[in-house]
Amino acid sequence: MRYLFTFILLFVLSFKAIATQRSFEQAYAPISVNRITIFIPIENLPSNSRLVSLKETDNGYLIEWDEVDGATFYFVEQLVDGVWQQVGGDVTGLSMSISGKSSSQFRVVACGRYGCSKQATHQNVIANGDLQLSQFSLSKPDVTRGQGAILTWKVHNASSVKIVGSNGSTFKNLPLSGSLNVFPSDFTNYTLVSSGFGQTLSASRSVVVTEPRSMIQTPVTNYIEPLRNMGYDVIARSLLALPQGVMFSTHDEKIALVNKSGVVLWEKQLEGVAANMGNYDADTNQVFISVSKLNGAGQTCALNVNNINNYNCLETTSSAIARPVVIELAPSSNSEVSLPSKLVASVDMKGNLYVMDKLSLQLTHAVTKLPTEVTKQGVTANIAAVPNTSDLIMRVSEREYASISITEAQTGCNSFSSCTQSVMSLFSDDSEADGQTAPKLEVKVNWVKEHKE
């Protein structure tokens, strides 16, 4: 008991010596009572730096620790002959070199505007080699909304581990190995970032979220039956709700718009069949559709909902069934453009990727062939675009889905004007070689996963 008391006393005195080196502000919290607000003093201290890693050097040790929210500086202590001694004070960074090898036991105290953390961290990890990321796995690739999934990881020789979600969630100050329950409300990509001693490694896993299905009683639709009675051979899956009404296509290569009163506002003859619903873009008031022709070719078309005469198409070498999607394509690193471009992407049945301007439907990049592993059975189902990105989710077989990322390849042009000239040359009447100057795309397969019932 006497030794325990001595240890506690030494710890308290050591911590008190640290705290007295700085004067801190008092934190207050507002309390409202009967329209009167008073401020009461509260404790608002940084949390602990949970991970302290050290690597042996010729003259001593190099130690690193994880960043603590709310901390502006740190104190470092070393255990020498059973007593904690301060070896670094007022350290504003996340690392420190220690001379001498009297002890390999260190701890870090995080301090901020209102004081220092109550308990110093003493979780030393010896880094014996390079940074390694040996595991980052997901318990299941798809969940129903409200369900959770488990992320599991294991890294070696790191001083910082965190997981960042594409939905804005961030999990910091993680241990070298562990698991974490996540409950995404929409498609989310989770990236584990580990760093230590000048090295950084990362890995990503994605969760697809589906809505729970419930059995509901549905009345006879107000649109399909009356339209069929009017002689339209409606393709049921082409029905698309719009602010003006419902747009639909037919097996005899027509597309039309009917208002909420059942009146057909316009009808247009196509050059093929639009087998799926279109994709409405509120920014331009256009609907993008894919068309399949009898001769095996196809089209990607755009039509203005309020002016059917404003209609144009891009020819595709193969039939197109999957509806076009809108993506945000980030510029290449050597481009003068800094913001992502909102473009239309379309994929035909043979896996050719077309990226176009939203208004003109002119190609902005060279046509790109998708990897064989995602087109092995032909692109016959609709693809989905991850919002505000250039990532696509697509069905690649009866039970498999894939995620791909589209990026702009590095080009030789070094100015916006020269790149624009390269793009415009794609549509010129000059030699076929001019088309080779169009910006190119790169497609990366993020994952291929089996869908299990």
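At 38% relative accessibility, Lys172 counts as partly exposed, a label that covers the range between buried (under 20% relative accessible area) and exposed (over 50%), with a 1.4 Å probe and protein chains only. Asp69, at a relative accessible area of 47%, is partly exposed. These residues form a salt bridge with its closest N and O atoms 2.7 Å apart; the term stands for a side-chain nitrogen of Lys or Arg within 4 Å of a carboxyl oxygen of Asp or Glu. The pair links distant parts of the chain, 103 residues apart: Lys172 sits in the loop between strand E15 (170–171) and E16, and Asp69 in the loop between strand E4 (60–65) and strand E5 (71–80). Helices (H or I, at least four residues) and strands (E, at least two) are DSSP runs, numbered from the N terminus.

A word on the model itself: it is predicted, with pLDDT of at least 70 needed for local features and 80 or more for side-chain atom pairs, while totals for chains, interfaces and linings use all residues. Residue numbers start from 1 along each chain as its sequence is written, and side-chain values use heavy atoms, with hydrogens and water left out.

Back to the charges: the salt bridge count comes to twelve. One of them pairs Arg113 with Glu25, the closest N and O atoms being 3.0 Å apart. Arg113 lies in the loop between strand E8 (106–112) and strand E9 (115–116), and Glu25 in the loop between helix H1 (2–19) and strand E1 (27–33), so this bridge ties together parts that are 88 residues apart in sequence. Glu25 is partly exposed, with a relative accessible area of 44%. Another joins Lys101 to Glu56, with 2.9 Å between the closest N and O atoms. Here Lys101 lies in the loop between strand E7 (95–99) and E8, and Glu56 in strand E3 (residues 52–56), so the parts tied together are 45 residues apart in sequence. Lys101 counts as partly exposed at 40% relative accessibility, whereas Glu56 is exposed, with a relative accessible area of 53%.

Next come the disulfides. A disulfide is a covalent bond between the sulfur atoms of two cysteines; the cut-off for a pair is sulfur atoms within 2.5 Å. A search of the whole structure finds two of them. Cys111 and Cys116 are joined at an S to S distance of 1.9 Å, and the link is right-handed, with 100 degrees about the S-S bond. Both Cys111 and Cys116 are buried. The other disulfide joins Cys301 to Cys313 at 2.0 Å, S to S, and this link is right-handed too, with 110 degrees about the S-S bond. The pair links distant parts of the chain, with Cys301 in strand E25 and Cys313 in strand E26, twelve residues apart. Cys301 counts as buried at 0% relative accessibility, but Cys313 is partly exposed, with a relative accessible area of 28%.

Those strands belong to an open sheet of four, ordered E23-E24-E25-E26 with antiparallel pairing; two strands pair if DSSP finds at least two bridges between them. Strand E23 (279–281) and strand E26 (307–316) stand at the edges with a single partner strand each, so one side of each has no neighbour in the sheet. From one strand to the next the twist averages 25 degrees, with axes as lines fitted to C-alpha atoms (for helices over the stretch in contact) and angles from 0 to 180 degrees between N-to-C directions. Seven bridges join E24 (residues 286–292) to E25 (residues 298–304), and Val291 has Gln299 in E25 as its bridge partner.

A three-stranded open sheet runs in the order E11-E13-E16, again with antiparallel pairing. E11 and E16 are at its edges, each with a single partner strand, so one side of each is left without a neighbour in the sheet. The twist averages 15 degrees from one strand to the next. Six bridges join E11 to E13, and Ser137 stands opposite Thr152 in E13.

As for packing, the largest nonpolar core has 22 residues, and Phe136, Trp153, Val161 and Ile163 have the most contacts inside it. Such a core is a set of buried Ala, Val, Leu, Ile, Met, Phe, Trp, Tyr and Cys residues joined through side-chain atoms within 4.5 Å. E13 gives the largest share of this core, four residues.
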